[in-house]
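The sequence and structure are shown first, and the description follows.

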Amino acid sequence: MTLTENTEICHCKHVSVADIERALGDHTKFEDVEKQFRHVQEITHCSTGCGGCHDKILDTISELLNG
């Protein structure tokens with residue numbers, strides 16, 4: 001799947017790739033994806049509806065931080 005900044009990852013909370021990227025802020029080093037996920041979740045509230053996007057959020061964070 002090719003991600004663009006407008007690609008919606010969490011449909012319940014309408015969170016896009018750009019929203020995740022903004023939530024990551026200056027985090028440029030990939031350390032602990034679950035820790036980064038919790039940080040993004042606190043800001044965007046992604047994966048707090050049906051939870052079906054959890055893996056997509058993790059994949060997106062990994063892709064953004066690993067290039």
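## Burial and overall dimensions

In this predicted model, buried residues account for 33% of the 67 residues in the chain. The radius of gyration of the chain is 11 Å, which agrees with the value near 11 Å that a compact globule of 67 residues would have. Taken along the principal axes, the box filled by the C-alpha atoms is roughly 30 × 25 × 20 Å.

Among the contacts in the chain with a separation of 6 or more, 52% are between residues 24 or more positions apart.

## Secondary structure

The chain contains three helices and two strands. Along the sequence, these elements follow the pattern β-β-α-α-α.

## Packing of helix 2 and helix 3

Two packed helices are described by the angle between their axes and the distance between the axes. For helix 2 (residues 33-44) and helix 3 (residues 54-66), the angle is about 110° and the axes are 10 Å apart. Helix 2 is therefore roughly perpendicular to helix 3, since angles of 65 to 115 degrees are classed in this way.

Helix 2 contributes V33, E34, Q36, F37 and V40 to the contact, while helix 3 contributes H54, I57, L58, I61, S62 and L65. Sorted by class, the residues of this contact are seven nonpolar, three polar and one charged.

With a relative accessible area of 3%, T60 is buried, because the cut-off for a buried residue is under 20%.

Which residues is T60 in contact with, leaving aside its neighbours within four places in sequence? They are L3, I9, V17 and I20.

## Two loop residues with positive phi

H14 is located in the loop between strand 1 (8-10) and strand 2 (15-16). Its phi is near 55°, a positive value in a residue other than glycine. H14 is exposed, with a relative accessible area of 55%.

S47 belongs to the loop between helix 2 and helix 3. Although S47 is not a glycine, its phi is positive, at about 60°. Is S47 buried or exposed? At 13% relative accessibility, S47 counts as buried, whereas H14 is exposed.

Key
Residues numbered from 1 in each chain as written. Predicted model: local features only at pLDDT ≥ 70, side-chain atom pairs only at ≥ 80, totals over all residues. Heavy atoms only, no water. Axes fitted to C-alpha atoms, helices over the stretch in contact; angles between N-to-C directions. Helix = DSSP H or I, 4+ residues; strand = E, 2+ residues; numbered from the N terminus. Parallel < 35°, antiparallel > 145°, perpendicular 65-115°, else oblique. Contact = heavy atoms within 4.5 Å. Nonpolar A, V, L, I, M, F, W, Y, C, P; charged D, E, K, R; others polar. Buried < 20%, exposed > 50% of the residue type's maximum accessible area, 1.4 Å probe, protein only. Rg over C-alpha atoms; globule rule 2.2 N^0.38 Å.
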